[in-house]
Amino acid sequence: MNNSSRTSDSTRSSRRSWRRRAQRRRKLFAGAATLTIGALLAFAIPTIAAAEEGGGTAPDAATTVEQPAPAPEPPAEVPPAPEPAPEAPAEEPAAEEPPAEAPPAEAPPAEAPPADAPPADAPPADAPPADAPDAGVDGDQVAAARVGAGGPFARAEAVAAAPPSSTPPPPEVDIEKSVASLEQEGDGWRIWYDVDVLNFGTEPIAYDLTDQLDFGPAVVIDSADYTKPGDVIPNAWTVGFDAVQTLATDRPLAAGTQEQWRVSAHVTIPADAYAALACPENGLLNKATVLVEGLPPKSAEACDYPQPPTITFAKSLASPAAQAPDGTWSISYLLEVENPSAVNGEYSLDDDLAFGDGIDLTGASYAVELNGAPLVTPWAGGGQIVADRPLAAGDTDEFVITVSGIVLEGPTLTVEQGICPPKGDTSPGAFNNVGMVTFGETKLTDTACDFPSAPQVSKTDGEAVQLEDGSWNVSYVLTAFNPGDGSKPAYYDLVDEPDFPAEVVLNSYSVEEISPNPGPIAVDLSPVPASIPIVNDRLIGPDEVHQYLITLNVDVPAEGIPSEGPPCLFNETLLTSGEIESRDDDCAPLGPEFDVGITKVYNLPEGETAIDAGTAFTYTLEVRNFSEGAVSDLTVTDAIDPQLAVDGTDADIIVDSTGTWQLTLVGNSITATSTGPYPGGDPVDGVFVASFTIPVVMLQPGPIQTPERVGPDDPIPPLPTVDMTDIPNEACVDMEGDTNPENNCDDVVVPTKKINPNAYVRCIADQPWLFYAIAVTPSTPVDGPITVTWVSADDGVHPVQTETRVLPAGQFVGGMLWPGATLGANGLPSGYPGYRPLGPGDDPNSPLVFNGPNGALILDESLPSFAWRNQTIPASITFQINPEQTVLAVYPQALPECALAGTGVAGLPTSGVETGRPAMLAGWLLGLGAILVLGAWRIRRRTEA
């Protein structure tokens, strides 16, 4: 497992090292090439000269020595050549070397020659005269050099001539360091570093090499060693791990070669220290330094650090909640701790039961398994299960926690006992369980929960039948059921508890199962106990139903039994599951049953599906007798909704019956009584007793007072509440001794057409506006125009004015100017109620004059529009779609903030009106639209409910 492959500081350091190595290779290659060419020249020039003197042939006719091309200039990073000696060495390039700008294609870029280089056309400084004797090649001037293996130059081989210069070039050395590998080893980590020492010069060197482990403060160094070239066994660190270790002293290194050292360290990193690891300060930083005499020290460093382990934690149910026959519960949880990373880790595991209130663990037992084997732990419902447990890379630990002997406190199953919190919620509830894994500074929490279920019982179909011997057989059906989504199999006991009067004698009883296994249930208890056992420890599955029939034979006194109503024999049944109980009861009547019922409907005019103000329609009530025998002494009541009125008197209510009824009408409340009797005989459909047809009319809603006017920047004021619901109504029939109250009342809801303008007054820039956001009930038609009728206040002095405006269909949100208020072509106020333009005979200095933005105006009480100016008696504005609704609003008084800028007027002239920044209208209309949408939603919700 090598962590160094990830993108990290180490990777970036390795990339930089690679680039440096590439540069060094180019540099060494250029140096080696120069040496090689120099050696060839040293051999070739004298040979060519001798050949020319001897007739143009080489000493060996079989060998032709061509003058090589001059070496390309070295790369830019190669330092300038040293100062030339008084006599230039023989290997200087010939004067006729080709231009520097045409190097071979594969050569590195040429560089300008040093400033002290001789001219290109000058002969070599040490060239012999033309008449000199042959210049032989001295074998001592040629040295063969092979670059040492193992470094970046392992494939390079060169022959260099040692320059006979009296001043050798200075040595050139470099050092590189990289992380070779980082792997987990045992409980810790092993990291390897490669240290490369490179000699770029043309002379051998001797170097010193040191290394220092500069690891983060939380890192514990267990051991360290190093391997020099050629070593098989590493050399142990001989100094403290925080000190500088000397690896080499005066170690020789040939020219153009390199050596690679390896440094290794084994470290231990505490689990809580991984999060703080970083390069360079808190990582595994290693620094090496090379020192060569005459040169400043050179250092290189590399750093890496291991990634922390990644632990995951998941909690689920190993087995769902299950009930034992004794009524106690058990449950098992699965806790999975996984290490998906490539790093060994360790963790601690805690677990706490977060059971709901009413769950008793006093007698509970606990068991924990780890990877299929029992785990010895003191855990008993809470606290730590394991601490600092190692978890190898790729491994998973599985814990199974089992809790048994759980008791649900009765008598009823509560919400706290029966409902789980959402997944991940650590709140108490049902059998919730919270687990927590800690590794390093990380904490992981997960939950798992299940819930118990409790069977229930119902008791129905009580019936008493008198036998020929005068005794009675009283029977009941007992139904045990296990409902609910996710219900569990459960055990139950079932008993029957007759609660008969003391005068009733229990003779015997019998029990039979109706379903799922029909047949008698053997009992042999005499005398009849007060609590009759039906079944014990019976298992019922989810959504199963068990039914039983119990029949009791009893003697009833001839005079009957005391009873406030019709005599019956009361009986109760009890189901228990653990400590949880379910009860139900029924009463078997002694004698015939009596049952009367009522129905109610509404009848709208033909073609109508909803009513609005003024619509007349009728309700019809019908009473029926569902008894075998006759019924008497009936009372019918109906309270008509206050949005309606009975259309007429009690004489207008139509009664259809074979008997006589007394009607009373008080306001909207109707009461009808009859002594009867009325025959029965059809318990299924019932026998007709009477019907009542009640004429009603929907009342016109009263006008709505708009709220106090607001300024241009004020929020929408609170608007009056209007009842936009449909109209409900209920009628009932009552009879003493009625054994079935389920059909004694009936109700209907009549759809309505209603409108709410949601209107209010706002002043904007010296003009009054009426804003509206019309809401309607779902039954109201909206495909026609909206008529808005303005009627001015009737003050007894000024003639009442009427103005009608028609809004397009669907324009439910908007605003309109007050009657008499106008805007000019420039969008600024040009008129107000009761004002007219200043005429030739008017006094321009009159206090009644108002200099508006579109000319001077004068207040004239004789104008019809003056009626719209009443600030005490409101005008009425009726919005009509069919239905209609009227709102009341007074002419608004002036507000200083409504003044129109530039008029010099702080509010309207005595009118107190404000006009508009028309650009503000869009914002207010958006707000009104929100009111309309919200109102419509609320109306629809109420209607659908």
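Q: What is a salt bridge here, and to how many does the count come?
A: A salt bridge is a side-chain nitrogen of Lys or Arg within 4 Å of a carboxyl oxygen of Asp or Glu. The model is predicted, so local features need pLDDT of at least 70, side-chain atom pairs count only at pLDDT 80 or more, and totals for chains, interfaces and linings use all residues. Residues are numbered from 1 along each chain as its sequence is written, and side-chain values use heavy atoms, with hydrogens and water left out. By this rule the count comes to 22 salt bridges.

Q: Which strands does the pair Arg583 and Glu497 link?
A: The two side chains meet in a salt bridge, 3.4 Å from N to O. Strands are DSSP runs (E, at least two residues), numbered from the N terminus. Arg583 and Glu497 are 86 residues apart, in distant parts of the chain. Arg583 lies in strand 30 (residues 580-589) and Glu497 in strand 24 (residues 490-498).

Q: Which residues are linked with Arg583 in a network of salt bridges?
A: Glu497 pairs with Arg583 in a salt bridge. The network also takes in other Glu residues. Its members besides Arg583 are Glu497, Glu572 and Glu581.

Q: Is Arg805 buried or exposed?
A: Arg805 meets Glu803 in a salt bridge at 2.8 Å, N to O. Buried means under 20% relative accessible area, exposed over 50%, and partly exposed in between (1.4 Å probe, protein chains only). Glu803, at 26%, is partly exposed. Arg805 has 18% relative accessibility, so Arg805 counts as buried.

Notes: Helix = DSSP H or I, 4+ residues; strand = E, 2+ residues; numbered from the N terminus.
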